Structure formats: structure tokens, C-alpha cells
Amino acid sequence: PELGLNELLIRVDSCGICGTDRHIFSGVAPSSIPVILGHEYSGTIVDLVNPSGNFKIGDKVAVDPNIYCGQCKYCRKGSVNFCENLKALGVILNGGFAEYSIVPTSQAYILPDDFDLSIASFAEPLSCCLRGIEHADINPGNSVVIIGGGSIGLLMVQLAKNCGAAKVLLIEPDQSKHVLGIELGADFALNPKEENLFDNIQDLVNGHVDVVIECVGDRSTIDNAIKIAGKGGKVVIFGLTPKDQSLTVDLQYLFHKELKIFNSFLNPFTFQSAVDLLITKKV
């Protein structure tokens with residue numbers, strides 16, 4: 001298709017495969033079909049039409065796929081992630097699993113000329129993690145437990161350290177991810193199948209966990225997150241569970257611990273921060 005006003009033609013360099021892509025492909029997540037998937041991507045501008053901003057052919061860019069309308073009641077009060085007219089590249093509109101992609105200028109973020117575009121493709125998942133970290137509200141000296149050592153969990157490990165966490169524990173069954181987790185800032189890596197997992201956690205954090213970030217999206221790991229969090233602690237349920245998966249919680253248990261439990265949805269106003277963290281190698 002021909003480019004419209006304030007649109008860029010991007011030659012895609014790389015695109016991450018998100019769990020959402022797998023869900024769409026298997027028919028358990030909504031999208032517009034047919035559509036080219038892929039929403040974690042970066043590339044180079046090869047054509048443009050009257051762009052707003054300082055874009056030029058040859059610029060390297062990272063792409064924020066989430067396009068907010070700016071007009072609905074949620075957008076007008078700053079809660080853009082709940083936009084009633086949300087469109088997303090790679091979900092509703094054609095995305096990054098292609099050689100070329102048409103991207104509105106509002107969704108493109110310019111990168112340094114020498115920046116590795118394969119790293120730039122992490123900007124979108126990192127921007128979502130930043131929303132979760134906002135909810136976690138980690139204070140310097142806090143003890144933080146990250147459940148799940150996939151790409152998201154490993155990003156969370158680094159963000160928790162950047163926030164000043166004194167101790168970061170990664171819970172993950174894969175030993176190779178233990179190694180990565182420690183390399184990226186975790187102080188300890190534990191296997192969830194250990195018999196004395198909860199006792200070991202308590203020993204390592206001197207009896208109190210301030211924040212738990214769940215990055216798996218499974219009923220059992222969410223249940224563990226609630227059990228691990230200390231009194232007055234915070235739990236961020238970041239992992240996306242399958243449809244219709246519910247959780248039974250002992251309300252007296254919650255009452256006595258006075259836990260704060262958060263979910264995290266999309267990436268409101270966090271994409272530029274994600275790009276900056278990657279460029280400065282803080283992540």
C-alpha cells in the first residue's frame with residue numbers, strides 16, 4: 001500500500017516473538033484476521049511522506065505498536081492503556097513479521113546510528129516491564145523476588161536492581177537461566193522445585209520480602225507470589241494467564257498480611273524511557 005501522511009516505511013531488522021503472538025496464532029487471543037503479526041520490532045526508515053518530527057530516510061527506529069486515539073474518556077484522563085479505540089501494530093494492523101512495515105510517525109523512536117537494532121527490538125517488552133515496575137514501587141534497600149526467568153523476568157531483574165533493590169531473588173527451574181539471571185544482577189537464583197523453597201527465601205531475605213513480581217502467568221506461580229510476599233508487601237502479577245483461569249485466595253490471609261496486589265497492562269508513556277535505558281546500557 002502507498003504511504004499516507006505522517007507515515008514511515010520501515011525495513012524491518014528484527015522482531016521479537018511475544019507470547020501474545022503465540023496466543024493469536026493458536027486462536028486464544030483477539031486480533032484482526034488476516035493480519036501480519038509481530039509487535040516487538042525495529043528497523044530503518046526507507047521512505048516517508050511529510051513526516052512530523054525530525055525523521056529522515058536512513059534513521060534507525062524502534063516501534064511502539066500501541067496506537068491510542070487521544071479522544072476517548074480514558075485517553076483524556078491520561079489512562080491511555082485503556083483507550084477505547086486502541087489499535088496495535090501486529091495485532092489489529094499489519095506488524096513486524098515482514099520485510100517492510102508501514103508505521104505512523106507517532107509510533108517511531110529514533111535511535112543512534114550505531115545502535116544494534118536487535119537490541120532495539122527489546123524496547124517494547126521493556127516498556128511494558130516499566131509499567132509493572134511503576135506498580136512495584138521498589139525502594140532502595142528492598143528485597144525483591146522475581147518469579148520466572150524468561151525474557152520478561154530477566155528484564156525485571158535488571159529494573160529491580162536499577163531501582164536500588166538490596167536483594168533480588170530469581171525463581172526459575174532452568175539452570176541456564178539461573179546463570180543469565182546472576183549475570184544480569186540477581187543476587188540468588190532458586191529452583192521452584194526445591195523442597196524448602198519458602199524457607200530458603202526467608203533465610204536469604206532475613207525474613208521479609210518487600211516485592212514479588214510474577215512473570216509466568218500461571219495459577220500456581222501467582223499463588224506462590226502471594227505466599228512469598230511479606231506483611232505489607234506488594235505483588236505485581238505481570239505474567240499473562242490463559243483465558244478463564246481463576247485463583248482462589250484465602251481472604252483472612254490477605255487481611256492479616258495487608259498485601260497490595262497489582263496487575264499491569266500495556267505501556268502507557270514508558271516507551272521513551274525503555275529506549276533510553278537500552279541506549280545507555282542500563283538494561
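Cys18 counts as buried, at 17% relative accessibility; buried means under 20% relative accessible area, with a 1.4 Å probe and protein chains only. This is a predicted model, where local features need pLDDT of at least 70, side-chain atom pairs count only at pLDDT 80 or more, and totals for chains, interfaces and linings use all residues. Residues are numbered from 1 along each chain as its sequence is written, and side-chain values use heavy atoms, with hydrogens and water left out.

How many disulfides are there? Taking a disulfide as a pair of cysteine sulfur atoms within 2.5 Å, the count is zero. For Cys18, the nearest cysteine sulfur belongs to Cys128, 7.8 Å away. Cys215 is buried, with a relative accessible area of 14%.

Cys129 brings us to a helix pair. Among the residues of α4 that meet α5 are Cys129, Leu130 and Ile133, and on the α5 side the contact includes Leu155 and Leu159; contact means heavy atoms within 4.5 Å. The residues of this contact divide into ten nonpolar, one polar and no charged. Helix α4 covers residues 123-136 and helix α5 residues 151-162; they pack at an angle of about 55 degrees, with axes 10 Å apart.

Last, Thr44. Thr44 is found in strand β2, residues 40-49. Is Thr44 buried or exposed? Thr44 is buried, with a relative accessible area of 13%. Apart from neighbours within four places in sequence, Thr44 is in contact with residues including Leu9, Arg11, Asp59 and Leu117.

Notes:
Axes are lines fitted to C-alpha atoms, for helices over the stretch in contact, and angles run from 0 to 180 degrees between N-to-C directions. Helices (H or I, at least four residues) and strands (E, at least two) are DSSP runs, numbered from the N terminus. Ala, Val, Leu, Ile, Met, Phe, Trp, Tyr, Cys and Pro count as nonpolar, Asp, Glu, Lys and Arg as charged, and the others, Gly among them, as polar. Buried means under 20% relative accessible area, exposed over 50%, partly exposed in between (1.4 Å probe, protein chains only).
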